[in-house]
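Q: Hi! Could you look at this one with me? I have a handful of quick questions.

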Amino acid sequence: MDFTQIYESFQGLENPSFWQHVYMRFYRAWFEGDRWMQYFEGLGTTVLVTILALLIGVVLGVVVAVIRTGHDQQRKGKHNPVLGVLNLICKIYVTVIRGTPMLVQLMIMGFVVFQNSRNFTMVGALALGINSGAYVAEIIRGGLMSLDPGQMEAGRSLGLGYLPTMTYIVVPQAFKAILPALGNEFITLLKDTSLISAIAGKEVVYFAKAIGAKTYDYMFPLLIIAVMYLILVLIFTWLQGKLERRLRASDRR
């Protein structure tokens, strides 16, 4: 007897038990009309949006962190005016993004900046990336500033410029220190993708709401996607821990 036959047999009951009623609700939310495919379609979009937003956030974060760190580490009496202007822009960006709600930023991007766009999923990915960039910038900047200034001076004494010194000496050391914080930011970003449904972004929450509207029962669609998010977070947390252990093992060699 398959799932459909079980469901049909329960439907014929005048007074189904609690567990039979639960099964019928779950069946309508997952099996009926192959709705499980919609959840996985939305889940694929969720992962894609998370990856795109993370890439945007890391690129923005690195640029902002390098500019701000370079400005703060200037020698006394030697201040670059261009770097000063860029640093001011970066400070405004970080302050505004960190000081306003993610949902409001998404709505501004979706309903104001890109109001004529039909691809709200990609608009959501861009908004999440811009938001993540501000937090990643502070994470990276904190890691860079925590290193011994002698690392930078050693690179400069070898004839390396600022960017080569940052690229080959400072950043690789800082990466190990900021990896846990970056991993947490990625997990936060994964969960924040649920917000893009507010601007009609078609990720897993969007499909759960659509299924709930068809079945007039939101409980099981929402429980199903909650379990999906939990499984993804557990997987990424495990991968992050494994990477951290490998990096610590390489340090001991």
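Q: Is Arg98 buried, exposed or something in between, and what is its relative accessibility?
A: Arg98 counts as partly exposed, at 43% relative accessibility. Keep in mind that this is a predicted model.

Q: Got it. Which side chain does Arg98 meet in a salt bridge?
A: That would be Glu138, at 3.7 Å from N to O. Glu138 sits in helix H6 and Arg98 in helix H4, which covers residues 81–99, so the pair ties together parts that are 40 residues apart in sequence.

Q: Which residues do shared partners join into one network there?
A: The network takes in Arg68, Arg98, Glu138 and Arg141, joined by salt bridges that share partners.

Q: And how far apart are Glu138 and Arg68, N to O?
A: Their side chains meet in a salt bridge at 3.0 Å. Arg68 belongs to helix H3 and Glu138 to helix H6, so this pair links parts that are 70 residues apart in sequence.

Q: Is Arg68 buried or exposed?
A: Arg68 is buried, because its relative accessible area is 10%, and the cut-off for buried is under 20%.

Q: How many salt bridges does the count come to?
A: Five salt bridges. One of them is between the side chains of Arg25 and Asp217, at 2.7 Å from N to O. Arg25 is in helix H2 (residues 18–30), while Asp217 is in the loop between helix H9 (204–215) and H10, so the pair ties together parts that are 192 residues apart in sequence.

Q: Nice. What about the accessibility of Asp217?
A: Asp217 counts as buried, with 13% relative accessibility.

Q: Let's switch to Glu185. Where is it found?
A: Glu185 is found in helix H8, residues 162–192.

Q: What is the nearest side chain of opposite charge to Glu185?
A: It's Arg98, 8.8 Å away. Glu185 has no salt bridge even though it is buried.

Q: Then what does Glu185 touch?
A: Leaving out residues up to four places away in sequence, Glu185 touches Ser132, Tyr135, Val136 and Ile139.

Q: Changing topic: how much space lies in the second largest pocket?
A: About 330 Å³. The lining has 17 residues, and those nearest the centre are Val58, Phe175, Ile178, Leu179 and Leu182.

Q: Which elements give two or more residues to that lining?
A: They are helix H3 (36–72), helix H6 (120–146), H8 and helix H10 (219–252). H8 supplies the largest share of the lining, eight residues.

Q: Where does UniProt place the transmembrane regions?
A: The unreviewed UniProt entry puts "transmembrane region" at residues 43–67, 88–114, 120–140, 160–182 and 218–239.

Q: What does the chain look like over residues 43–67 and 120–140, helix or strand?
A: Residues 43–67 are 100% helix and 0% strand, with the end C-alpha atoms 36 Å apart. Residues 120–140 are likewise 100% helix and 0% strand, and there the end C-alpha atoms are 29 Å apart.

Q: Last one, Lys209. Which helix is it found in, and what does it touch?
A: Lys209 is found in helix H9. Not counting residues up to four places away in sequence, Lys209 touches Ser197 and Tyr218. Lys209 is partly exposed, with a relative accessible area of 40%.

Q: And how far is Lys209 from Pro221 in space?
A: The two are 7.3 Å apart, C-alpha to C-alpha, and 12 residues apart in sequence.

How values were computed
Residues numbered from 1 in each chain as written. Predicted model: local features only at pLDDT ≥ 70, side-chain atom pairs only at ≥ 80, totals over all residues. Heavy atoms only, no water. Helix = DSSP H or I, 4+ residues; strand = E, 2+ residues; numbered from the N terminus. Buried < 20%, exposed > 50% of the residue type's maximum accessible area, 1.4 Å probe, protein only. Lys, Arg positive; Asp, Glu negative; His and termini not counted. Salt bridge = Lys/Arg side-chain N within 4 Å of Asp/Glu carboxyl O. Contact = heavy atoms within 4.5 Å. UniProt positions renumbered as here; feature names shortened; annotations may be inferred. 1 Å grid on protein atoms, 1.4 Å probe; cavity = no way out; pocket = protein on both sides within 12 Å on 5 of 7 lines; lining within 4 Å. Points joined across faces, edges and corners; volume = space filled by probe spheres on them.
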